[in-house]
Amino acid sequence: MVRATVLLRACPQGVGMKIRKTRNPGLAFDHVEVSETGEPDDGGWGPWGVEEARILSQANPGPSLSSGLKWVILWAWHRWGVCPAGAPAERNLYPTLGASMSCTGYAKVAHTVHMSALGLPGYHLHAAYAGDWQLSPTEVFPTVVGDMDSSGSLNAQVLLLLAERLRAKAVFQTQQAKFLTWQFDGEYRGDDYTATLTLGNPDLIGESVIMVAHFLQSLTHRLVLGGELVYHRRPGEEGAILTLAGKYSAVHWVATLNVGSGGAHASYYHRANEQVQVGVEFEANTRLQDTTFSFGYHLTLPQANMVFRGLVDSNWCVGAVLEKKMPPLPVTLALGAFLNHWRNRFHCGFSITVG
């Protein structure tokens, strides 16, 4: 099977955007990835923090604090990129062409080329291998995923199933010939609990490391309680942050609460019916003295082959993504837009996927 994607990015003059981060790690994330390079514009992790935007997924085997609602509007910003501030609209219109092909039943290779008048053309080679040990529709072992660009920078992940209940993950990120991130995860899933240990950028010579430990316990089939301990050490700096969390899952709704020394985070997701899903999120950061409230919704129109997702928050930001399938052709059209009223910034884009 061959899949081709054509993506066109456009942004009006003077528009720029950067996804905002928060610096207190929270327990709403299934994985914590770290980097010593600060906060890149592509949504990477900061040195001791994690993204404010929570990517919430459906329940996994074993207890988890994921809330169920995916803020897919962020997928559009990651996929469509950021328009540099001050760039004229007519010069900030550039296409991205990609094609993917399954070499075997286990391996896939994809190529992506983008052209822009603002910089040099870029090329990405994506490769993925998935083994034949499938525990669930979303878990296949072993799994190896890699991405390399034309400058030689590499992003790679390896997932292994060491035992029936023990999983391991390794993440590597390089910038040309320099290592930026090396992370190792270990997860053990019991009958009613989950324990995870993450080591980020361990350096025995430089005496620096980031360690994240999770423990989640299912008290009942609906109630999950747990905690997270984040410890970081580097020359001249050492500290730890403890976060307590809970999750309650009903038939049609899920509520979570995280409370720690860095702040608090609460979320609520409700599935009204097969077509309508809504969710709200509240976060208070004591370090930044900042409070944010967000509301998102997911609307499915099966008769029209359309999916509509939207997000609005207390910072006067509004965003939406519309996906439209065009049967009998194997074509999917996606439109997205983001508007920040407070900063008078607008961002939009669309994609066409064939295959």
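**Entry 1: a polar contact**

A polar contact here is a pair of N or O atoms within 3.5 Å, where one atom must be able to donate a hydrogen and the other to accept it. I keep in mind that the model I am reading is predicted.

With that in hand, I looked up aspartate 191. I found aspartate 191 in the loop between strand S10 (178-189) and S11. Its side chain makes a polar contact with the side chain of arginine 165, at 2.6 Å. Is aspartate 191 buried or exposed? I noted a relative accessibility of 68%, so aspartate 191 counts as exposed, the cut-off being over 50%. I also checked aspartate 191 against glutamine 217: the two are 26 residues apart in sequence, and their C-alpha atoms are 9.6 Å apart in space.

**Entry 2: asparagine 201**

Next I moved to strand S11 (residues 193-203), where asparagine 201 is found. I asked myself which backbone oxygen lies 3.2 Å from a polar atom of the side chain of asparagine 201. The backbone oxygen turned out to be that of leucine 180. For asparagine 201 I read a relative accessible area of 2%, so I wrote it down as buried, which here means under 20%.

**Entry 3: aromatic rings**

How many aromatic pairs does a search of the whole structure find? I got 9 aromatic pairs. I opened the pair of tyrosine 188 and tyrosine 193, which is tilted, with 6.1 Å from centre to centre and 35° between the planes. Tyrosine 188 is partly exposed, at a relative accessible area of 34%, and tyrosine 193 is partly exposed too, at 27%.

I then turned to phenylalanine 295 and tyrosine 297. Why is this pair called tilted? The ring planes stand at 35°, so the pair is neither stacked (under 30 degrees) nor edge-to-face (over 60); the ring centres are 6.1 Å apart. I read 30% relative accessible area for phenylalanine 295, which is partly exposed. Tyrosine 297 also counts as partly exposed, at 31% relative accessibility.

One more note on rings: ring pairs link Tyr188, Tyr193 and Phe215 into a cluster.

**Entry 4: salt bridges**

I picked three of them to look at.

The pair I opened to begin with was arginine 167 and glutamate 139, whose closest N and O atoms are 3.3 Å apart. This pair links distant parts of the chain: arginine 167 is in strand S9 (residues 166-175), glutamate 139 is in strand S7 (residues 139-149), and they are 28 residues apart. Are these two residues buried or exposed? Arginine 167 is buried, with a relative accessible area of 11%, and glutamate 139 is buried as well, also with 11%.

My next pair was glutamate 207 and arginine 233, with 4.0 Å between the closest N and O atoms. I put arginine 233 down as partly exposed, at 33% relative accessibility.

Then I looked at glutamate 323 and arginine 309, whose side chains meet in a salt bridge of 3.2 Å, N to O. Here glutamate 323 sits in strand S20 and arginine 309 in strand S19 (residues 306-313), 14 residues apart. The two partners fall on either side of the 20% cut-off: glutamate 323 is partly exposed at 24%, whereas arginine 309 is buried at 16%.

I finished with a network. Salt bridges that share partners join Glu139, Arg167, Glu187 and Arg189.

**Entry 5: strands S20, S21 and S22**

I stayed with S20 and followed the chain onward. Strand S20 (residues 317-325) pairs with strand S21 (residues 331-340) in the antiparallel sense, over 9 bridges. The two form a hairpin with 5 residues between them. S21 pairs in turn with strand S22 (residues 345-354), again antiparallel, over 10 bridges. This hairpin has 4 residues between its strands, and asparagine 344 in the turn has a positive phi of about 55°.

Which residue in S21 is the bridge partner of valine 318? I found leucine 339. Leucine 339 also has a bridge partner in S22, namely phenylalanine 346.

How values were computed: Residues are numbered from 1 along each chain as its sequence is written. This is a predicted model: local features need pLDDT of at least 70, side-chain atom pairs count only at pLDDT 80 or more; totals for chains, interfaces and linings use all residues. Side-chain values use heavy atoms; hydrogens and water are left out. Two strands pair if DSSP finds at least two bridges between them. Buried means under 20% relative accessible area, exposed over 50%, partly exposed in between (1.4 Å probe, protein chains only). Rings of Phe, Tyr and Trp (its six-membered ring) pair if their centres lie within 6.5 Å; planes under 30 degrees apart count as stacked, over 60 as edge-to-face and the rest as tilted.
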